[in-house]
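Open the model in your viewer and keep the selection tool ready.

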Amino acid sequence: MASKQQIHVGAVAIGGGAPVAVQTMTKTETANLAATMEQIRTVAEAGADIVRVAVPREQDAEALKTIVATSPIPVIADIHFNHTLALKAIAAGAHCVRLNPGNIGGAEKVAEVIELAKLRGTPLRVGVNSGSLPKHLRELEYENPVEALVTAAIETVELMERLDFTNFKVSMKSTSVPNTIASNRLLAERIPYPLHLGVTEAGTKWSGSLKSAVGLGTLLADGIGDTIRISLSTFHAEEEVKVAWEILKALKLRERGPDLIACPTCGRLQFDMDTVVADVERRLEAYEDPIEVSVLGCAVNGIGEARHADFGITGAKDMGMIYSKGEPLKKVPTAQLVDELFKEIDRYYAAGKTVQRDESAAADARAWLAENEDVTAMTPERIAALEAAAAQQDESAGAVLEAMLTPSGQGTGDPHGPEVDGAEAVVLDETVSPVAGRRFSRS
Ligand code: SF4
């Protein structure tokens, strides 16, 4: 469920049904203005809605003034241990301050920060980390780490409420994916405030992306989470942003830029699809429209499951084909497939998003497809489609069978035999039954 409360970090609404916001954190020394601003501009271009910068020293708090004034996206100051820096960050105009009340030096210092935040209308991100829970929860953490995390988060929320402060979002960070999922599910039921999601210290680009996709994706699919950050061990913060977007796009929560679909390849592949897919992916980065582009490794399967793609290519050894919305556009030598694909995409945009079709080239492509397609080939796509159809048939056959095995008249009011959904009595026709010949060999 989306959080009930909404806050604003700069102009970005968080929670209360607003689109899930994408965050990242700069990896530069914050006081190095040139490097920090360059990274902020890079992540903003990649699609970050909000950026966080570390403020561990006086000079970083000082640099915040310029950063806030020149950043194209709202800036969150990340503070630990030092409430004076939190005060300075708020005074510098930070759009939000992240702090964990448990490590800021006591209730009085927290109250001082809250006082200024109220005065300046600055929201906070408050939270807890699995690695730094309060002492009184250590035993509970040992027995039940999820409950310990949630208890610590709720204690933090109650502290904010006692200070009459509600302009905040909450985060609970754990390195464990199952604990991240379980604790956020519990917390979302118990508090109305927006939730920031992340799997802390998730790992490298590969493993961290997967952990985050599983952890955050599970929660987001349940409607939990209002802002996300993917933590990756890379200096390139924009990589975190790209992963966050892929998660949101996969769940159809937000749209940004093209969607590339590609077959998994198999033994029918006759060209270097790895290179082609990487090339298409790289060149699509220049487009902002949510266009869908497909790459198929062969034409034996026809256009198949890529029928809905705005544009696509399918290759063979020497020749390939470009298609749009399931219709062939033209055949071209395999070496020119990618260039020609992008020419077609550019023509489409130049013509106001209208596919430009040359009928004679399309006829050639159709003929090529007919030659290369093999409707009898057991491709991975067709096997999957057959399995899905069989599963569906098994389901309906199961219902028929169950109805047949129901003792006469039981529950139907008909003394002569079974009914299915109040219909006429069913007699299984062995010649058309999807389970013919298999019914009795199953345990
Ligand atoms: S049969 Fe399917 S998976 Fe195999 S190369 Fe062709 S399109 Fe790709």
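How do the residues of the lining of the largest pocket divide into nonpolar, polar and charged? They divide into 17 nonpolar, 3 polar and 14 charged. (Ala, Val, Leu, Ile, Met, Phe, Trp, Tyr, Cys and Pro count as nonpolar, Asp, Glu, Lys and Arg as charged, and the others, Gly among them, as polar.)

This is a predicted model: local features need pLDDT of at least 70, side-chain atom pairs count only at pLDDT 80 or more, and totals for chains, interfaces and linings use all residues. Residues are numbered from 1 along each chain as its sequence is written, and side-chain values use heavy atoms, with hydrogens and water left out.

**Stop 1: the largest pocket**

The largest pocket holds about 1,100 Å³ of space. (On a 1 Å grid over the protein atoms alone, a pocket is an open set of points with protein on both sides within 12 Å along at least five of seven lines; a cavity is a set where a 1.4 Å probe fits but cannot get out; lining residues have an atom within 4 Å of a point.) Select Lys-242, Glu-246, Lys-249, Glu-281 and Glu-285: of the 34 lining residues, these are the closest to the centre. Now colour α9, which gives the largest share of the lining, 10 residues. (Helices are DSSP runs of H or I, at least four residues, and strands are runs of E, at least two, numbered from the N terminus.)

**Stop 2: α8 and α9**

Select residues 205-221 for α8 and 237-250 for α9. Their axes come within 10 Å and cross at roughly 40°. (Axes are lines fitted to C-alpha atoms, for helices over the stretch in contact, and angles run from 0 to 180 degrees between N-to-C directions.) That makes α8 oblique to α9. (Angles under 35 degrees count as roughly parallel, over 145 as roughly antiparallel, 65 to 115 as roughly perpendicular and the rest as oblique.) Show side chains in the contact, including Ala-213 and Leu-220 of α8 and Val-243 and Ile-247 of α9. (Contact means heavy atoms within 4.5 Å.)

**Stop 3: α7 and α8**

Val-177, Thr-180, Ile-181, Asn-184 and Arg-185 of α7 meet Lys-211, Val-214, Gly-215, Thr-218 and Leu-219 of α8.

**Stop 4: the largest cavity**

Select Cys-263, Cys-266, Gly-297, Cys-298 and Glu-381, which lie nearest the centre of the largest cavity. Its lining has 13 residues: 7 nonpolar, 4 polar and 2 charged.

Methods:
Grid points are joined across faces, edges and corners, and a volume is the space filled by probe spheres set on the points.
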